[in-house]
Amino acid sequence: IHFETYLDNGEAAEQMNKWLLEVSWEVANKVGGIYTVIRSKVPITKKEYGNNYICLGPYNDSFVKTEVEISEPKNDALHEAVNDMRRYGVNVITGNWLIEGFPQVVLFDLSSVTNRLDGWKGDFFEYARIGIPYFDRESNDALLFGFCVFWFIGAFLEHVKRTQKCYVIAHFHEWLAGVGLIMTRLRGYDCGLIFTTHATLLGRYLCAGSTDFYNNLSLFNLDKEAGDRQIYHRYCIERAAASCAHVFTTVSKITGIESEYLLNKKPDVLTPNGLNVQTFAALHEFQNLHAKNKEKLNAFVRGHFYGHYDFDLDKTLYFFIAGRYEFSNKGADIFIESLARLNHMLKASGSDVTIVAFMIFPTPTNNFNIESLRGQSVAKMLRDTVHNVQSDIGKRLYEICLK
């Protein structure tokens, strides 16, 4: 496939009336890694679909204020579909996501449809035979979001096919978006459905529970394991979404194997997550940027270890681990163990290299480390004082040399 031929900023998509709807809980709503995945794929997807690419997500006021430019849609079919929902009391926010590619977004305010929760639970059980307990707030929100998406797809299809034949693809990410996919398929809407799991739900729970996961994949009693962890209904949603999708994808070979055993569904396609690596026109640009960022790290370390700073920064290596705050799922336990072994080897060999390791996991904090802040403050004052002295002596030296 020659991908370049499709990157025409949506001209072919408009002629064919071809649309792509990207459905995720993390559209303009940062929760985890899928937010980054979608942000990074938007620029290239926009080059293929142009304005026929729409992202659907839940409305989160704090993120929308900073990340979305609210405006009414210019496309007639999209405008009419949104207005159809608004007429029935659904608060739908439209606009453009302020990221590279500037995609159109349709966001559903779930608080405006909470009165429909019980009715939609009944409908979902009638069609999918999956019941959702009242106490699981996250699943309740997933159901509300799924039915809003399902409603929107139905209204959008009705309006977009009035002028000419249409080709609409809806791409759903993770179980939180799965309800919309299941209902769209079970009601027989004329829409291509893709479901992507970035990590199976049951797999996450099993890994976090210190099981010998990969060696026992074929031995787990799936219904029992999901029931024991009180996620049976969520597991059913994920499994049904994988089965109802026309195309089921995962992001890696290992997740594909996991899906085969835990969802009883082999992925049709593997779509590995990639990095959009910026190429620098000249090598010195990259070197300058590296030096600038390294100096920021050095400044931080000087302040952080103030009072205990007895190592050479020119012989210091920086290591990083980052991710969701899950100790074993994200490998923090292995990282710490490997640091211990490395520390032993460095001491045994008498090495003068120092390792500074950063563990970056976003989580609520209760207070600041006052000692660290004081160290940063003292280091900054000392640096400023030295600069002032240096400047003073420099002027006097200059004057003396001139005379």
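How many Å separate the centres of domain 1 and domain 2, taken over C-alpha atoms? The separation of these centres is 41 Å. Domain 1 spans 3-270 and domain 2 spans 283-402, with bounds that come from an automatic or database domain assignment. This is a predicted model, in which local features need pLDDT of at least 70 and side-chain atom pairs count only at pLDDT 80 or more, while totals for chains, interfaces and linings use all residues. Residues are numbered from 1 along each chain as its sequence is written, and side-chain values use heavy atoms, with hydrogens and water left out.

**Backbone: positive phi**

- Most residues other than glycine have a negative phi.
- Asn-17, which is not a glycine, has a positive phi of about 60 degrees. Asn-17 is found in the loop between helix H1 (11-16) and strand S1 (18-23); helices (H or I, at least four residues) and strands (E, at least two) are DSSP runs, numbered from the N terminus.
- Asn-17 counts as buried because its relative accessibility is 7%, where buried means under 20% relative accessible area, exposed over 50%, and partly exposed in between (1.4 Å probe, protein chains only).
- Glu-174 is a residue other than glycine with a positive phi, near 70 degrees. The loop between strand S6 (167-173) and helix H7 (178-186) contains Glu-174, and with 6% relative accessibility Glu-174 counts as buried.

**Helix H11**

- In helix H11 (residues 253-262), the buried residues are Thr-255, Gly-256, Glu-258, Ser-259 and Leu-262. They lie on the same side of H11 because they cover an arc of only 160 degrees around the axis, the arc being that of the directions from the helix axis to the C-beta atoms.
- The cover over the buried residues of H11 includes strand S7 (192-197), helix H8 (201-208), helix H9 (222-228), helix H10 (232-244) and strand S8 (247-250), with contact meaning heavy atoms within 4.5 Å.

**Cysteines**

- A disulfide is a pair of cysteine sulfur atoms within 2.5 Å, and by this rule the count is zero.
- Cys-55 is in no disulfide, and the nearest cysteine sulfur, belonging to Cys-191, is 15 Å away. Cys-55 counts as buried, at 0% relative accessibility.
- Cys-244 is likewise in no disulfide; the nearest cysteine sulfur is that of Cys-236, 12 Å away. Cys-244 is buried, with a relative accessible area of 15%.
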